[in-house]
Amino acid sequence: MQKEKNLKVALVHDYLNQYGGGERVLEALYEMFPEATVYTSIYDRELMEPWLKIPPEKIKTNFINRLPFHNYLSKHYFFLYPLAFRLQNVGEVDLVISTCSYASKFIRAPKGAVHICYLHTVPRFLWGYDTELSRYYKHWWDRFLAPLYAVVVPIIKYFLKRNDFAAAQKIDYLLVDSKEVQARVKKHYRRDSVVIYPPVDVERFQKSELTSQKDKDYYIIISRLGGYKKVDLAVAAFNKLGKRLKIVGEGPQREYLKKIAAPNVELLGRLSDPAVNELLINAKALVFPTFEDFGIVPVEAMAAGVPVIAYGKGGAAETVVDGKTGLFFAEQTSTAIIEAIKKFETLNLDPKDCIARAREFSKDKFQGKIEEFINREAF
């Protein structure tokens, strides 16, 4: 680090009660600024400590973490998150970096400090994009509260949208993780932004032995099992195809998917990184049916030399090269997935092309571009 090495930095993150792509971005930023404190709403230490590479003593929560049953009712407190971050004090710092898909952008930067927001997406539930919450309720209390939400939520959302727009105007610089999100920022916030693709740990597959897809006998999905992820479409497709599909991940749809899955479809739950690596390396292809803002998993698959069969919109359209490192299907339907699988099996894609493409999204490149942006624009 050059100019920014002496900066006092605060990192701000929506919540730390699940581990995924957003949390890997936070980890990469923490590597750059190891003296920084991380400010968030909820921190589920028992869940996160085995995964998150940030010391627990460096994490500070706001009042959401002290509300009753916050680990179970976190999504029902959604209307309080903006206020919680607005009231959170980050101390005397020079630079605030928020990593945000909802409310961390509301953080108050101290006078004279620069606020850079790395935006994963505009809040989906506010701006009309499909969300997990709008499609599936796991617990009885979710279903109990659903009728009340049908009346109250539209009113609350009206005010939240106005506040969300206002908060976006107060940020000094907006970075986004894809051109897809960049277009949403322009549409909803009327602001320009800079695309810096998120970090992917492409090095973890370096020593993997490359084998042809024709020598492999199963496909794989690695995903949180929420409604908008569309994993159910892939299950329906493989039920008809009769081909082997392994699904790695947890989420509210897991029990439903187990009920509809044929014997050739295995749900393996959440696994350790080494176990996931082994499964991925030996898969014929990753199936990615989600309209994702970016989507780190397809890049990880390519880093392992594994092609990607993906819905051809959103972030996958920016990372996968159709016909070279994977194959796109045009509609989110089981029929389209079946057709794509059949076409894929007539191809022989080169694993080396997949690896070369994945290296364009490495953690080093992400950190280098963040450093360059801070030096050039912020200080």
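# Briefing: surface patch, helix packing and salt bridges

Ile155, Tyr158 and Phe159 make up a nonpolar patch on the surface, with about 340 Å² of accessible area together. Patches are built from residues with over 30% relative accessible area and no salt bridge; nonpolar side chains (Val, Leu, Ile, Met, Phe, Trp, Tyr) are joined within 5 Å, like charges within 9 Å. Accessible areas come from the Shrake-Rupley method with a 1.4 Å probe, and for residues only the protein chains shown count as cover.

This is a predicted model: local features need pLDDT of at least 70, side-chain atom pairs count only at pLDDT 80 or more, and totals for chains, interfaces and linings use all residues. Residues are numbered from 1 along each chain as its sequence is written, and side-chain values use heavy atoms, with hydrogens and water left out.

- Tyr158 sits in helix H6, residues 140-169. Helices (H or I, at least four residues) and strands (E, at least two) are DSSP runs, numbered from the N terminus.
- Tyr158 is partly exposed, at a relative accessible area of 48%. Buried means under 20%, exposed over 50%, and partly exposed in between (1.4 Å probe, protein chains only).

**Overall fold**

- The chain contains 15 helices and 13 strands.
- A compact globule of 379 residues would have a radius of gyration near 21 Å; the chain has 21 Å, which agrees. The radius is taken over C-alpha atoms, and the globule rule is 2.2 Å times the number of residues to the power 0.38.
- Along the principal axes, the C-alpha atoms fill a box of roughly 60 × 55 × 40 Å.
- Of the 379 residues, 55% count as buried.
- The chain exposes about 17,400 Å², and carbon and sulfur atoms supply 52% of that area.
- Among contacts with a separation of 6 or more, 64% come from residues 24 or more positions apart. Contact means heavy atoms within 4.5 Å.

**Helix H14 and its packing**

- Helix H14 (residues 351-358) has Pro351, Cys354, Ile355, Arg357 and Ala358 as its buried residues.
- Seen down the axis of H14, these buried residues fall within an arc of 165°, so they line one face of the helix. The arc is that of the directions from the helix axis to the C-beta atoms.
- The buried residues of H14 pack against helix H11 (296-303) and helix H12 (316-319).

**Pro298 in H11**

- Pro298 is found in helix H11, and counts as buried at 0% relative accessibility.
- Beyond neighbours within four places in sequence, Pro298 contacts Leu286, Phe288, Val308 and Val320.
- Pro298 and Thr325 are 27 residues apart in sequence and 10.0 Å apart in space, C-alpha to C-alpha.

**Salt bridges**

- The count comes to 18 salt bridges. A salt bridge is a side-chain nitrogen of Lys or Arg within 4 Å of a carboxyl oxygen of Asp or Glu.
- Asp192 and Lys186 pair at 2.7 Å, N to O. Asp192 is exposed at 60% relative accessibility, whereas Lys186 is partly exposed at 46%.
- Glu292 and Lys229 pair at 2.6 Å, N to O. The pair links distant parts of the chain, 63 residues apart: Glu292 is in the loop between strand S11 (286-288) and H11, and Lys229 in the loop between strand S8 (218-222) and helix H8 (231-241).
- Glu292 is buried at 12% relative accessible area, and Lys229 is buried at 11%.
- Salt bridges that share partners join Arg124, Glu180, Arg184, Lys229, Glu292 and Asp293 into one network.
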